[in-house]
Amino acid sequence: MMNRRAFLKDGVAAFTISFAAPAFLSDLARAQGASSRNLVVLDLTGGNDGLSMLVPYTDSAYYSRRPTLAIPAGAVLQVGSDSSGKALGLHPKLTGLKDIFNQERLALIQRVGYENSSRSHFFGTDIWSTANPSNSAGNGWVGRYLATLPPPLDPLVAWNTTGDTPHALLSSTVSVASIPSVSGYAFNSPNSGSEATLERAAATSIASHVPVDKPHVAFVSTSVQAAMATLDRVAAVGSYKPTVAYPTNGFGQALQAIAGAMAKGTGTKVFWVQTGGYDTHASQDTNTDTGAYVRLMVTLNDGLTAFYNDLKNQGLLNQSLLLSFSEFGRRISENGSRGTDHGSASVMMAIGGSVHGGLFGTAPSLAADPQNPTLENNTQDVKFENDFRSVYAKVIDNWLGGDSVAVLGGNFKKSGLDFV
Amino acid sequence: MADGDRLLGHLLRRAGFGASSAELAAYSTLSYSQAVDRVVNYEQIPDTVDSNIGKPGFVGTTSRGAFSPNTVADDARQRWLFRMVHSDRPLQEKMTLFWHNYFATGLSKVTGQVKNPNGTRLMAAKASEDPARQRGQIELLRDGAVGNFRDLLVAVAQDPAMLIWLDGDTNTKSKPQENFGRELMELFTRGVGFYTEDDVYAAARVFTGWNLKPGDNNDSSSSYSFVYNANQHETSAKTFSFPIYSDGSRTIQARSASAGMQDGVDLINALAMHPETAKRLATKLYGFFVSETATPDPNLINDLATTYLQNGTVIKPVLQRLFTSPQFQDPAIFFTRYAWPVEFVVRSIKETGWAGFSLGTSLSPLASMGQELLEPPDVAGWSLGPTWFSTGAMLARMNFGSALAANQKFNLAAAAVPSRSSSRAVVDYVVGRLTVDLPSDVYNDLVAYAASGSWTGSDAQLQTKAPGLVHLVVGSAAYQFV
């Protein structure tokens, strides 16, 4: 967190005003291609236990090392074997994701991480955000990508469904709209009628003053400007009528807003959504309906299934790619609290109409042998096989049409990771 | 406004939540150093604020049924906000907020384990009002707000809500649980980079047996307390990468199970007195009271860290030192600190007025601004500074200003009557009432807004323009700084 703050100090100083006048925004959005491709980044916060999501159900060590947390082989949703011949199955509650897998529109990328994985939530999140394990401060990888787009950028070029801007979206030059609730994204007034109109005009004028000698005030002014400039288009998203019922929880509602933004043609390039509770140190309970991990899987499955089907019905599936990540995976052996502690490599998911579905990478062998090359930390952790930056690189190059070497500051392209 | 009054206003915004005009008047007879003394040595002022809840003349609360701040989370939040608005000990509430962010514990996980109302009790119950004299974590932080940090660490390590939040309740001999030991070093004391993974494993073993004696989750009068389970303590020696004892020894020697609780006390004693902890804490306090974005003056940090260590980890002298430092009193830092949502909400209530306003109205907006009390997003607390100011969160602030101004429109209009001679006079009245470093072009916009339409100065016009102006100022970028 210290690093993030240290960065922001510079970020504020460097913040430049790059908004177009509101009147031109709709044109700008169209020019940037309202029907072009978008990326939805899904952050599973807390450190997702990949071994409970994608289960190596024929590995005896999985059962011996997780006496209370292992999912019975008969319960998993089998998805075949990976290139190493390891049989794998999805968590029993991921029935909708299993359907998407069967449609070959879900890619499961195994053992993604980096060397000496941080076991700190905050440090780990910062590293996944900057895409730089040796420097967790600085702009985010998504923010750096957005900064390569030709200016001026529409304020809705990125749409964050959470309250504060995630580190991955931070940029010195691009402001991100944060829209935790579409209906709350409005300009209220203590007055009505023409007086309210006058007030809105006054607020817009007030926000247009950006004091150069007060960068902190300038920073907040730009936030007000972006808010005022996007009110009407976000309000239009509020009238979106989905083709399926989304879950009423925050995750489901955030996904519905994203689908609405796509359907209304906001021109957004990157959406950010997150769902939390993955820090399952104790009573993780992967098997009973009220269990903590089971409920996480239900939330994940129901939200993503509704989103997928809605986009499919709307004819929007081919222009969208969803990519999930978590700051780390969890330890292989369960702890004494029937939970799992902070680990390292885990599973990423890619979902979309253009995804080449299937299993990518190989599962670890969980046999507790110090010589086992798929494990680290005295066999406690899953050793990474695919650098997370290779996954980012594929998305940047093959999906967003960017230059991953420039955005990531190095060549992380890896053959074989052809999920999109 | 005189320079002395400006400095006083600055002190009360930073060390408290701003001042109503009556509070400012009460302080204005004091010199600055006397004012700092009064703020810091608050124990001499009676703690009577809670007795005013529900009385006329104070901000209101809204609850379903009887107001029950020891057992209902939204009522607990309102009690705390009430204290922030009306306490005569503003630093106590401010430091409680600081510690709540520092030891960030989330009610939902606690409630998930002990159900409600016990979850709320463990977070917020006032011992004197609880059937089992259970003291909630917020009350613990409030009692020790400017006290000894080492003692606070021990108390927090044994706090039932913390034992649940960081899983200390499951830390046993056969399966040491890392969560608390890791965060103790990463977030509560030394910080990232000053401990190793092996230190985490050792710390987990140190705290084996520091468990929770659970109450009955279905009984709202049962007691939850810390217990040292000697038979769950792992007794072997634990070695760290940094000194534990004053002789430089890095090893906590093996102890008998019955004496093993001392392991944790030894580790906390060492961590509390470590220079890195002193610097980290000094930097955190600098961030909270001076700036979360500026690079602190290393001399000031060293000075604060030294004060902390020389006073045996007592916080009060550190704050006294900070508030009387030239860096704190520098007019260049006035109105430059990004206000946290609760700071913004409380200050706008104090300055706009509260007669007929209920704090219940502020709870949902606070969540939209990104700060739901008792529910920090994770163990590292809230993301501070500019990260509060996303577009959605900024709209939530503007809309709170709108709701407050609408609620206060008759009070504001009545107060503006002496200024009804011109639209500009009303602007001046509003800008004088709300403390803000307003750029001149913003002032001109306010004048233009107030002057739109023909000016009559009628009651109806005052009831429109006065709240409109309050809304515009409270929702302006400049007002988001303290």
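This is a predicted model: local features need pLDDT of at least 70, side-chain atom pairs count only at pLDDT 80 or more; totals for chains, interfaces and linings use all residues.
Mentor: Residues are numbered from 1 along each chain as its sequence is written, and chains are lettered from A and ligands numbered from 1 in the order in which they are written.

Trainee: How many helices and strands are there in chain B?

Mentor: Helices (H or I, at least four residues) and strands (E, at least two) are DSSP runs, numbered from the N terminus. Counted in this way, chain B has 24 helices and 4 strands.

Trainee: Why is chain B said to be as compact as a globular protein of that length?

Mentor: The radius of gyration is taken over C-alpha atoms, and the globule rule is 2.2 Å times the number of residues to the power 0.38. For 482 residues that rule gives 23 Å, so chain B counts as being as compact as a globular protein of that length because its own radius of gyration is close to this, at 24 Å.

Trainee: Which helix gives the most to the side of domain 1 of chain B that touches domain 2 of chain B?

Mentor: Domain bounds, which come from an automatic or database domain assignment, divide chain B into domain 1 (3-276) and domain 2 (341-480). Their contact (C-beta atoms, placed from the backbone, within 7 Å) takes 31 residues from domain 1 of chain B and 24 residues from domain 2 of chain B. Among the helices that each supply at least two residues of the domain 1 side are H1 (3-14) and H4 (73-86) of chain B. The one that gives the most, with 10 residues, is H4(B).

Definitions and conventions
Two residues are in contact if their C-beta atoms, placed from the backbone, lie within 7 Å.
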